[in-house]
Amino acid sequence: MAPTANTPKTAEQPADADSRPVRGRPRSEDSHEAILDAVLELLDREGYGAVTIEGVARQAGVGKQTIYRWWKSKAELVLEAYANHAASKLPVPDKGNLRADLEWFFCGAFKRLTDISGPTMRGLMADAVYDAEFLEILREVLIAKRRVAVHQVLERGRTRGELRADADLHVMTDLLFGALWYRLLVQHAKLDARFAKQLVASVLEGFAPR
């Protein structure tokens with residue numbers, strides 16, 4: 001007899017939560033690492049625009065469906081590979097001096113953007129312009145962490161009296177990263193150590209104690 005609304009669930013009638021299909025299979029760590037390594041190698045060799053899911057699958061020795069089970073798009077795949085690669089290169093400096101900390105951070109950031117990081121970030125941002133969901137992921141996975149790091153440096157400086165007590169740290173963070181993104185995307189001038197120091201000096205001058 002067919003079960004009715006009042007028929008109690010039995011072992012043959014699993015609860016809805018248990019009967020939902022699981023999307024994809026648990027990741028194989030070896031395959032996962034091979035895919036991310038393949039992405040970085042292709043970024044270095046061919047650039048963001050030339051990277052394809054097919055090429056990554058071939059380089060990693062996996063099927064395309066393995067990649068699509070874990071990542072919805074090329075942009076999400078590249079973002080994870082790049083974010084993991086960049087995470088080890090984002091220490092928060094604490095030299096006891098705000099200017100020195102900011103110069104160290106942005107000189108390092110600008111230098112890294114001269115390798116695969118620059119073209120990769122331009123490619124990711126271009127994809128994010130047309131994909132609101134991916135833009136949110138990009139902000140959460142990559143951009144927000146860098147903003148937090150700089151905000152921590154600024155907060156320490158304000159606590160030490162190196163900034164005005166009413167200095168808006170969010171505005172300062174926008175000014176610093178805004179200049180980075182403008183030069184990175186427009187490419188009208190270099191992102192180098194000289195500019196990093198000029199940028200830091202200009203921002204600090206505007207928020208120096210009176």
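The side chains of Arg 139 and Glu 136 come together in a salt bridge, with 2.6 Å from N to O. Both residues belong to helix α8, where they sit three residues apart, or about one turn of the helix. Keep in mind that this is a predicted model.

How accessible are the two partners? Arg 139 counts as partly exposed because its relative accessibility is 37%. Glu 136 lands in that class too, being partly exposed with a relative accessible area of 42%.

## The overall fold

Zooming out, the protein chain has ten helices and zero strands. Reading along the sequence gives the pattern α-α-α-α-α-α-α-α-α-α. Of the 210 residues in the protein chain, 39% are buried.

## Bridges across the sequence

Searching the whole structure turns up eleven salt bridges. One of them pairs Glu 133 with Lys 72, and the closest N and O atoms there are 2.9 Å apart. Glu 133 is in helix α8 (residues 132–159), while Lys 72 is in the loop between α4 (64–70) and α5 (74–87), so this pair ties together parts that are 61 residues apart in sequence. Glu 133 counts as partly exposed because its relative accessibility is 46%, and Lys 72 is partly exposed at 48%.

Another salt bridge joins Asp 101 to Arg 156, with the closest N and O atoms 3.8 Å apart. Here, too, distant parts of the chain are linked: Asp 101 is in helix α6 (residues 98–112) and Arg 156 is in helix α8, 55 residues apart. Is Asp 101 buried or exposed? Asp 101 has 0% relative accessibility, so it counts as buried.

## The largest pocket

Now for the pocket. The largest one has a volume of about 350 Å³. Its lining consists of 22 residues, and the ones nearest its centre are Met 121, Arg 146, Phe 177, Leu 180 and Trp 181. By type, the lining residues of the largest pocket split into 13 nonpolar, three polar and six charged.

Which helices supply the lining of the largest pocket? At least two residues come from each of α5, α6, α7 (117–129), α8 and α9. The biggest contribution to this lining is from α9, which gives six residues.

Phe 177 is in helix α9, and with a relative accessibility of 10% it counts as buried, because the cut-off for buried is under 20%. Although Phe 177 and Phe 106 are 71 residues apart along the chain, their C-alpha atoms are separated by 9.2 Å.

Over in helix α6 there is Trp 104. Its relative accessibility is 40%, so Trp 104 counts as partly exposed. From C-alpha to C-alpha, Trp 104 and Asp 94 are 9.7 Å apart in space, and in sequence they are ten residues apart.

Val 186 is in helix α9 (residues 169–186), and at 44% relative accessibility it counts as partly exposed.

Gln 187 is not a glycine, yet it has a positive phi of about 60°. Gln 187 is in the loop between α9 and α10 (193–206).

Note on methods. Residues are numbered from 1 along each chain as its sequence is written. This is a predicted model: local features need pLDDT of at least 70, side-chain atom pairs count only at pLDDT 80 or more; totals for chains, interfaces and linings use all residues. Side-chain values use heavy atoms; hydrogens and water are left out. Helices (H or I, at least four residues) and strands (E, at least two) are DSSP runs, numbered from the N terminus. Buried means under 20% relative accessible area, exposed over 50%, partly exposed in between (1.4 Å probe, protein chains only). A salt bridge is a side-chain nitrogen of Lys or Arg within 4 Å of a carboxyl oxygen of Asp or Glu. On a 1 Å grid over the protein atoms alone, a cavity is a set of points where a 1.4 Å probe fits but cannot get out, and a pocket is an open set with protein on both sides within 12 Å along at least five of seven lines; lining residues have an atom within 4 Å of a point. Grid points are joined across faces, edges and corners, and a volume is the space filled by probe spheres set on the points. Ala, Val, Leu, Ile, Met, Phe, Trp, Tyr, Cys and Pro count as nonpolar, Asp, Glu, Lys and Arg as charged, and the others, Gly among them, as polar.
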